[in-house]
Amino acid sequence: MSRSGATAVAVRPSYGVRASPHRIEVRDVSKTFTVDGREIHAVDTVSFSVSEGEFVALLGPSGSGKSTLLNMIATLLEPSAGEILIDGEPVNPRRPNRKVGYVFQKDTLFPWRTAEANIAYSLQLAGVPAAERRERVQAALAEAGLKGFGGFYPAALSGGMRQRVALMRTLISRPQILLMDEPFGALDTHTKLDMHRVLLNIWERERQTVVFVTHDLGEALTLADRIILLSARPGRLKEEFVVSFPRPRDAVALRETAAYGDLFSRIWHSLGEEFVKGSEP
Amino acid sequence: MRRQRHWATLAWQGLICLTGLAIWQWGYALHDRLPWLVPELLDPYFISRPSDIASQFLHLGCLVDEQGHWTIWTKGAFHQCVAGMDNNLWIAALVTLKNTLTGFAVGVASGFLLGLLLGRSDRLARVFHPYIIAANSVPRIALAPIIILAFGIGDASKVVTAWLVVVFLVFFNTFEGVRSVDRDHISAARLLGASEWQITRTVVIPSASAWVFASLTPAISFALIGVIVGEFIGAEHGIGRMIIEAEARGEASGMMVAVFVLMVVGVALSSVVRRVQSYLLRWRPQHGVF
């Protein structure tokens, strides 16, 4: 993985040629589900864009449509209205974009593959030679602090370890755009902070363009450059906050700074209104 | 502690076996004195006796010759006996085993492919649904006489009968297995760059394998049933043929030898299937090495 930074940089110069300065553009996107004959407006006319190398957190109470929004960017869902562009081109579910990596909230590791074989999956699909595959998988295991666990099946790993394997399974193919759907939502506080450290380490080296969905304000502040706050259902864009804490960030030490506390309470107030609204019938 | 319990289990099993054999061997002797206790069914005319079955086994298996001498001590005696007896135990067992395994293999392969195809394609599944339900509702064994008529009394008809009983079983399980693949695993594979064929190969098949394997143990027993029924109706060799011949002679011990051999064959076949299964499914927690 140590050489991957250089590879990623080598790919990027072509980017400057494009008309749009944004890697991801969400334009007036709405999504309506029909459940038992009733229409549910999950996302209502949301627009935002994400620049090259930017880490954006989509924050909102449950039911604010943040995962729906992410899944539409990933082409797992189709918008009811509006359009989504990646590098200036509309996303197409028929043609998955190889530059995009996705990390699920749910555990989607293949239980019949060992941790190593899970991480190697996308390389195997792409026909990467076995020797190179092995080398890259070993580097990824070391990066995630999973040395010695490569031969284990997912059933024998803890929740935190499984999520590390899942993260590495996505990162091994060096996606330039990373979509993450509450990837650490099911982990306990300590394991979560640990995962933040792992993710920040990798991101600060590779600077992927990230959209990270979460309902955890602390997590959003620790990781993101910008927080997009969504309202309670139907999800609308409520407010945006720039998070300008210096990098590299320390997931634990950051939380004790005054700037963190200030921003936390500002957003907390705004988020709190939505939580109240969301809990109303 | 565990070891002790293991020995206790073995001791009980041995005791039950010996008691059963003893009742079988000598129980009918009490029939005249205690007719209310000893049922008519224990009559050796129907079910033979362990000692008769053992000696019949040695004869049918060419292990002893007609004079009661062991054939292994005389050079060439075994071969001479085997050559002289048309449907001897070894030929019969090999023919039955060969046809069972062939029918099983063809049935598993075709059932699996059909299940995969229909499981992955909604349109095909809709079109073929009524035909499969109708075909599955026919007791396959009822077709055995037709199959003998069409394919003759040779091996082919036995293989076809075995195939017919196995194919539906494996098909239904594969179909269910393919249908119950976790949608999120498929999404994950697709987002990691898998093509439809790669998804089938790397996600659907391994994921459905537990379902497919669940059908293999019953399938191997069914294949054996199919072959035996085929042999009952018309065959030149085979254990089923041996049973029919012994029945015609009113020879219970001969039938019992055949049944005993079938039992051994059945146990051996299903234990091989189970072993292969637990190796291939070692990633599952209940089969795991951890």
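The expected span of a helix is 1.5 Å times one less than its number of residues. In this predicted model, helix α7 of chain A covers residues 189–206, 18 residues in total. From its first C-alpha to its last, α7(A) reaches 26 Å, close to the 26 Å expected.

The buried residues of α7(A) are A:K192, A:M195, A:H196, A:L199 and A:I202. Viewed down the helix axis, these residues fall within an arc of 145 degrees, so they line one face of α7(A). The cover over them includes α5 (130–143), α6 (159–171) and α8 (217–223) of chain A. A:H190 and A:E204, on the other side of α7(A), are exposed. After the helix comes A:R207, with a positive phi near 50 degrees.

Chain A also holds an open sheet of 6 strands with mixed pairing, in the order β6-β7-β8-β3-β9-β10. At its edges stand β6 (100–103) and β10 (237–242), each with a single partner strand, so one side of each has no neighbour in the sheet. Neighbouring strands are turned by 15 degrees against each other on average, direction ignored. The partner of β6(A) is β7(A) (residues 177–181), and the two pair in the parallel sense over 4 bridges; one bridge joins A:V100 to A:I177. Helix α2 (residues 66–73) of chain A packs on the sheet, touching β3, β7, β8 and β9 of chain A. The direction of α2(A) makes about 150 degrees with that of β8(A).

The contact between chains takes 18 residues from chain A and 16 residues from chain B. On the side of chain A, the largest share, 3 residues, comes from helix α4 (residues 121–125). The residues on that side divide into 14 nonpolar, 2 polar and 2 charged.

Conventions. Residues numbered from 1 in each chain as written. Chains lettered and ligands numbered in written order. Predicted model: local features only at pLDDT ≥ 70, side-chain atom pairs only at ≥ 80, totals over all residues. Buried ≥ 20, exposed ≤ 12 C-beta atoms within 10 Å, placed from the backbone. Arc of directions from axis to C-beta. Contact = placed C-beta atoms within 7 Å. Nonpolar A, V, L, I, M, F, W, Y, C, P; charged D, E, K, R; others polar. Pairing = 2+ DSSP bridges. Axes fitted to C-alpha atoms, helices over the stretch in contact; angles between N-to-C directions.
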